[in-house]
Structures are given as structure tokens and as C-alpha cells.
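Here are my notes for you on this one. Have a look at the model, then go through the points in order.

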Amino acid sequence: KLLLAGSVRDGLEAMIRRPLVIVHDREASRVPWETLRVAGIHPALEGGLSRRYTSEGLSVARWRDERVADGTMRVLMVVNPTLDLPGAAQEGAALRETLLRAGAGVEMVQGAAASRARVLREMGSGEYDVLHFAGHGFFDADDPGASGLVCANGTVLRGADLEGIASLPALVFFNACEAARVRRSGPADTGSGGRTRRIGGADRRGVSAQARLLGLRRSSSLAEAILDGGVANFVGTHWPVGDESALAFSRSFYAGLLDGAQLGETMLEARRKVLAAASIDWADYVHYGNPGFRLGPEGD
């Protein structure tokens with residue numbers, strides 16, 4: 001109610017069953033739009049919700065239009081480059097097995113092998129539809145364009161590094177947390193039961209609103225850096241995500257992609273899957289890009 005005028009809320013209520021796209025600038029990127037509720041209904045859980053970022057500096061998205069001959073979805077997995085996220089390593093192994101069983105092609109680069117040069121080379125090869133990154137992100141508050149993904153030895157892959165690449169993965173999935181902390185863990189990931197989120201040693205419920213907004217801005221600015229590099233679609237998180245929620249979301253998300261569903265549909269079903277596990281992390285995941293984009297086999 002503080003953000004939206006009554007007439008806007010009325011309009012949203014009238015179309016609550018339809019997919020919603022939030023178009024915003026950098027300042028509005030800090031708002032957790034996925035938690036929006038109108039007339040008791042969350043659009044992100046009803047018709048689906050995605051975002052589009054408005055900036056004069058964004059590059060034109062570049063990805064390989066044609067699919068490989070057999071129509072196989074190719075996934076580049078970059079896992080735990082800094083070797084300090086055991087939860088990400090476990091997620092990577094489990095997700096790799098799930099993708100291979102489903103018939104996807106997977107190249108897994110992890111630990112010290114995930115150097116900035118190696119990741120850039122793989123991303124620019126034109127062989128992959130998706131980059132799945134499970135590791136740390138880096139945010140520079142003074143220069144958001146310097147933000148990026150932390151590779152082996154602490155080197156950072158920034159959006160500007162992608163400028164000379166002609167063909168990029170159509171989707172970057174950043175299933176990780178901020179650079180200053182590891183992913184939280186807990187058997188239920190419920191927020192009310194199990195363990196609560198902790199930031200800098202403090203219970204999340206005791207963190208000031210200003211600090212929470214700073215955390216959201218980190219995630220959003222990382223998305224800006226990646227989109228500015230020419231990536232068509234970015235999926236990331238607002239806040240530190242639980243291990244069980246991260247894996248549940250990933251499995252559901254990729255199952256939808258492999259079935260040829262649109263990105264907006266895969267986000268919706270993955271959020272519902274996390275909600276069914278009684279976790280508030282259903283609202284954690286953000287999609288920037290085209291909800292109608294799909295990575296199904298040729299002819300779909």
C-alpha cells in the first residue's frame with residue numbers, strides 16, 4: 001500500500017490470474033516484488049511474476065538461436081569455485097545427476113578448475129543454453145557494474161567481461177548467496193520453525209530495514225551486471241537461501257525447461273514446489289527477462 005496507488009492495486013486485482021511483469025529501474029529493483037499480495041493473493045504464485053530491468057546501458061542480448069541437432073539442452077555448471085560452500089557442492093552433484101537422468105548435456109566445472117578464464121571460455125563457446133552458477137557473488141556498491149560472479153582464486157567475472165562474446169547462454173541461473181556469507185541450512189527452512197536466517201551473526205528478524213534493502217540491492221545489481229553483459233535471462237535470489245529449498249527449486253525449474261515449458265511457467269511451478277515444502281523461500285527467486293522464452297527441443 002505504501003508503494004502502489006489504489007487505482008493500481010484495483011487494476012492488479014482485476015487481472016490477478018494473469019502473468020505479471022514488473023518493469024523497473026535500479027531503485028525499484030530493491031523492492032521484493034515477488035512478495036506482492038493483492039486481495040489476499042500473491043501474483044507470483046497465481047499467474048506468475050517476472051521482471052524487466054530498464055537501463056540505457058544494457059547491451060543487446062546475445063545467444064545461439066539454433067539448437068544442436070539432437071535438441072539436447074546443454075548446461076554449463078560452475079560449482080563452488082572458492083571451495084568454501086559445501087552446500088553448493090552437494091547441490092551441484094545432486095542437480096548434475098538429475099539433469100543427466102533427464103537427458104540433458106552437462107559440463108561441470110568446479111573448485112580450482114573454475115577459473116575466470118575457463119568460465120569465460122566455456123560461456124563463449126556457443127555450446128551451452130544455460131549457465132548454472134552455485135557459488136559466491138560480488139557486489140560493489142560504488143560501482144554496480146563491477147559486480148559479478150566469484151571464480152577460483154577470488155577473481156570476479158563481470159558483465160563487462162562478456163562484451164566480446166558473440167554467443168552466450170540464453171539463461172544464467174545464479175543459485176547462491178552474497179559474497180560475505182555462506183548459504184544457511186536447516187531441516188525445514190521454514191522461518192518460523194527450524195533455523196532462522198542469520199546475517200552477520202544476527203537473527204534476520206532483528207536486522208534493520210536499511211540492512212535488508214542493502215541485501216536486496218546486492219542481488220539486483222548483480223543481475224544488472226550480468227544482463228548488461230548481454231545475457232537474455234537471469235534467475236537469482238533476494239536473500240540467503242536454504243539448501244533444501246535451493247535443490248527443490250532447481251530440480252523443478254530444470255524439469256520444466258527440459259519439457260519445453262516457458263521460463264515464466266517454470267518459475268511459477270518451482271515457486272509452488274518450494275511453497276509446498278512450507279518454506280518462505282518461494283518468494284526468494286527472481287527472474288529478469290522474457291517469461292515467454294523457452295529452451296525446449298527444436299520444433300517446440
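1. Start with the salt bridges: there are 8 of them, counting a side-chain nitrogen of Lys or Arg within 4 Å of a carboxyl oxygen of Asp or Glu. Mind that this is a predicted model, where local features need pLDDT of at least 70, side-chain atom pairs count only at pLDDT 80 or more, and totals for chains, interfaces and linings use all residues. Residues are numbered from 1 along each chain as its sequence is written, and side-chain values use heavy atoms, leaving out hydrogens and water.

2. Take Arg17 and Glu46, whose closest N and O atoms are 2.8 Å apart in a salt bridge. Arg17 sits in the loop between helix H1 (6-14) and strand S1 (20-24) and Glu46 in helix H2 (residues 43-46), so the pair ties together parts 29 residues apart in sequence. Helices (H or I, at least four residues) and strands (E, at least two) are DSSP runs, numbered from the N terminus.

3. How exposed are these two? Arg17 is exposed, at 56% relative accessible area, while Glu46 is partly exposed at 27%. The cut-offs: buried is under 20%, exposed over 50%, partly exposed in between (1.4 Å probe, protein chains only).

4. Now helix H4 (residues 116-123), where Val119, Leu120, Glu122 and Met123 are buried. Looking down the axis of H4, these buried residues fall within an arc of 165°, so they line one face of the helix; the arc is taken from the directions from the helix axis to the C-beta atoms.
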